Amino acid sequence: MTSKKFTQSLIDAYFEKTGNDLTDEDVSLFEYYLHDGAIPRRLAARVVHLFMTRILNIPDVDWDKALTLRDIYECRSCANAIAQVYQRGLMLPLDEDRFGLSEDVTEEVLDRIIERLYST
């Protein structure tokens, strides 16, 4: 899946679920991610975290469970985003103790994220 498709799907789901459009300013937050390259899970976590905090106004939570992921600090700038999506069950680890930062995001992962974002 491309970064552009992933990000655009989050934006489209927002409209479908809320009936509201994002402002141009809101969309500009995601311009960096609107490209045709593949989207690894670490980057997807960053996009989702940005969407949660800036668009949906969902605050961060403590991340005690995420500390069990042995690869969480392989991307120090991604660690909080990974922890937030993991703690909330938006993205599951690939293995019991491995998030899989460099693996590409699948359609199933995107579907789960969207379902879980709007289920609470």
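Helix H3 (41-55) and helix H5 (107-117) are among the elements that cover the buried residues of helix H1. The model is predicted. In its largest nonpolar core, which has 39 residues, Phe6, Leu10 and Ile113 touch the most other members.

**Helix H1**
- H1 comprises residues 3-18, and its 16 residues should span 22 Å at 1.5 Å a residue; the end C-alpha atoms lie 23 Å apart, which agrees.
- Ser3, Phe6, Thr7, Ser9, Leu10, Ile11, Ala13 and Tyr14 are the buried residues of H1.

**Packing of H3 on H4**
- The axis of H3 comes within 8 Å of that of helix H4 (residues 79-87), and the two cross at roughly 75°.
- H3 is therefore roughly perpendicular to H4, given that angles of 65 to 115 degrees count as such.
- On the H3 side, the contact is made by Arg42, Ala45, Arg46, Val48, His49 and Met52; on the H4 side, by Asn80, Ala81, Ile82, Gln84 and Val85.
- Six residues of this contact are nonpolar, three are polar and two are charged.

**Nonpolar core**
- Phe6, Leu10 and Ile113 are the residues with the most contacts to other members of the 39-residue core.
- At least two residues of this core come from each of H1, H3, H4 and H5.
- H3 gives the largest share, nine residues.
- Leaving aside residues up to four places away in sequence, Ile113 touches Phe6, Leu10, Val48, Leu90 and Met91.
- In soluble globular proteins, nonpolar side chains tend to be buried together.

Note on methods. Residues are numbered from 1 along each chain as its sequence is written. This is a predicted model: local features need pLDDT of at least 70, side-chain atom pairs count only at pLDDT 80 or more; totals for chains, interfaces and linings use all residues. Side-chain values use heavy atoms; hydrogens and water are left out. Helices (H or I, at least four residues) and strands (E, at least two) are DSSP runs, numbered from the N terminus. The expected span of a helix is 1.5 Å times one less than its number of residues. Buried means under 20% relative accessible area, exposed over 50%, partly exposed in between (1.4 Å probe, protein chains only). Contact means heavy atoms within 4.5 Å. Axes are lines fitted to C-alpha atoms, for helices over the stretch in contact, and angles run from 0 to 180 degrees between N-to-C directions. Angles under 35 degrees count as roughly parallel, over 145 as roughly antiparallel, 65 to 115 as roughly perpendicular and the rest as oblique. Ala, Val, Leu, Ile, Met, Phe, Trp, Tyr, Cys and Pro count as nonpolar, Asp, Glu, Lys and Arg as charged, and the others, Gly among them, as polar. A nonpolar core is a set of buried Ala, Val, Leu, Ile, Met, Phe, Trp, Tyr and Cys residues joined through side-chain atoms within 4.5 Å.
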